[in-house]
Amino acid sequence: MAGGASKLPGRFAGPIAPYAFVLPPAVYLGIFMFWPLARQLWMSLTDTRLTNPTAGNFIGLGNYERLLSDPALYASLRVTLIYTLGSVLLGVTTGVVCALAIDRPFRGRPVARAILLFGWAVPTVAASLIWLWMFNERSGVFNDIAIAIGLGRIRWLTSTDMALASIFAVTVWNVAPFVMLVVLAALQSVPEEAREAARVDGADALSVFRAVTYPHIRPAVQIAALLVAVWSIRRFELIYLLTGGGPLGSTSTLVVKLRQVAFENYELGMAGVYGAIGLVLALLVGAVHYLIEQRRSNWMAHR
Amino acid sequence: MVMGVLRYILIITLVVMAGFPVYWMATTALSTNAELFSTGQVRWPQLQNLPALIGELSKIPIGRWLFNSGVIAAGTTIVSLVLGSLMGYALSRFRFRGRGIAGFLLFMTQVLPEALIVVPLYAMFITMGLLNNLGGLVLANAGFSLPVSAFILKSAMDAIPYEIEESAAIDNCPRFGILTMIVLPLIMPSVAAAGVISFFAGWNEFLFATTFLLDRSLWPTSVGLASFIGQYETPLSTVMGAALIFSIPAIAFFLLVQRKIVAGLTAGAVKG
């Protein structure tokens, strides 16, 4: 490109060439991703406090021992598990239903498709604000409806029975559109003749879906499910803003708990333990994901 | 026939459920406090309240917040695209020692929760003087957009025949020049998709921003909006109006490039 460089043919073609490209992003990720991650794991072995984050004493597995006998940890793990599985199940089902509903052309399809994507496109903080207002106990629209149909006033976000369910509603609104888009793309590979033939043979809609449609969209559904699972483990803002993890920890997933322990209790060491557990969970899902993908690409290669 | 009607009912139900929160945001923004909290919220947007809403919006620093959001988003996009295209190019074009590990680590960064590194980054930023600094926030954000950008760009580059680059190499064009002048222009749609994803990741980001930016004048819109929660001095209609302004660019761009974004995100998930 520059005059001097262009006089050196193959300057970048030697064995160092790839590293010239890999190094800048690798160094950057090393500094801002992997080093902090290592620090986080190290912190879990110390008694570091937020009030003096650079000074902490090594205390071995003390934090782990303390946390493993703390019921709050198991509560938080349970919430994380339920939230992740629930989000995958509800989000993917809703997304697939949306995709099947608007797959074939109809009047107003582009508009319907656009509106169905709103929940995915609205920034999380803005979404949290409007849902907080709709969930408002005294004047929110959901309680207007609940009262009108005789259910009475519901404490959507402040009762342990309802809070997680309410969070699920917002989560599904947010992730289902993405699943829908992924599945819609996959549905284009389903041969319409095959569906038609099954219908002529007298198969009902559900059988057609199971026998003809689903095998074609299964890889897409799998990818979507894994992404939704990953996002559920990562999701912080929505829960933090809607319930802050409450009431009584009923919506406190690991990441919400982590931030609370770090920035409200000032216990960075303990937060580190939550981080380590979160890391293991995230890596597990990531590994499953990776293995499935490897298997699929091998299968594609050998076909 | 019955199926057709049922399908329409299903579609209408889904569309109403998906669209209602945004409709309600607009309706709330155009209501008065009295309607919202005592006489009952009007069910349709009262456009005659628009001038009053605009007057109220000028009392909060929404312009400043949107500007900060824009700076953070643009910075995140630049860092993520520059480093992501280097990484994507290396993964697409070279076989080198450590390629497998690089791909795997890059893949794994996508599953890391932000919350996991927020504490160490906070400690690190104190010592580096990056706390309370938009640049520091950009550097923290871009780490999470970079892998997505890298995978999107890599899969786009995989589709470009290598011969095009070979002819350029014969003309003594260095590899870096080949990337910026030949490869990237050929995959502009994917660059745009990666850019939009990075931009709105930065635009929407909240956790890092609320942790690292202590100075109110540096707040982006996400942090400013969240500061209204549990605070009653600002009318709710103003808050919703600001939330709507904050959402419109995101909605518009996501709708515009939806297909590319999905292809990109799943490509990132697929290619290890």
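Tutor: Let's start at Asn132(B), which is partly exposed because 14 other C-beta atoms lie within 10 Å, and a residue needs 20 or more to count as buried. Keep in mind that this is a predicted model. Asn132(B) sits in the loop that links α6 (115–128) to α7 (134–158) of chain B. Its backbone is worth a look: phi of Asn132(B) is near 65°, a positive value in a residue that isn't glycine. Most residues other than glycine have a negative phi, and most peptide bonds are trans.

Between α12 (237–242) and α13 (254–263) of chain A you'll find Pro247(A), and the peptide bond leading from Gly246(A) to Pro247(A) is cis, with omega near -10°. Leu248(A) is in the loop between α12 and α13 of chain A too, and its phi is near 50°, again positive in a residue other than glycine.

Chain B has 13 helices and zero strands, and its C-alpha atoms fill a box of roughly 75 × 65 × 35 Å along the principal axes. Of its 272 residues, 51% count as buried. Take the contacts in chain B between residues at least 6 apart in sequence: 79% of them join residues at least 24 apart.

Chain B splits into domain 1 (1–54) and domain 2 (62–270). The centres of domain 1 and domain 2 of chain B, taken over C-alpha atoms, are 33 Å apart. Where they meet, 10 residues of domain 1 of chain B are in contact with seven residues of domain 2 of chain B. On the domain 1 side of that contact, α1 (2–29) and α2 (33–39) of chain B each supply at least two residues, and α1(B) gives the most, with four. That side divides into six nonpolar residues, four polar and no charged.

What about the contact between the chains? There, 76 residues come from chain B and 81 from chain A. On the chain B side, helix α13 (residues 236–270) gives the most, with 15 residues. The residues of that side divide into 59 nonpolar, 14 polar and three charged.

That brings us to the largest nonpolar core, which has 170 residues; those with the most contacts inside it include Val182(A), Ala224(A) and Ala243(B). Helix α9 (residues 163–187) of chain A gives the most to this core, with 15 residues. Domain 1 (1–54) and domain 2 (62–270) of chain B both give residues to this core, so it lies between them.

One last stop is a helix in chain A. In α5 (residues 109–116) of chain A, the residues Ala112(A), Ile115(A) and Leu116(A) are buried. They cover an arc of only 100° around the axis, so they are on the same side of α5(A).

How values were computed
Residues numbered from 1 in each chain as written. Chains lettered and ligands numbered in written order. Predicted model: local features only at pLDDT ≥ 70, side-chain atom pairs only at ≥ 80, totals over all residues. Buried ≥ 20, exposed ≤ 12 C-beta atoms within 10 Å, placed from the backbone. Contact = placed C-beta atoms within 7 Å. Arc of directions from axis to C-beta. Domains from an automatic or database assignment. Nonpolar A, V, L, I, M, F, W, Y, C, P; charged D, E, K, R; others polar. Core = buried A, V, L, I, M, F, W, Y, C linked by C-beta atoms within 7 Å.
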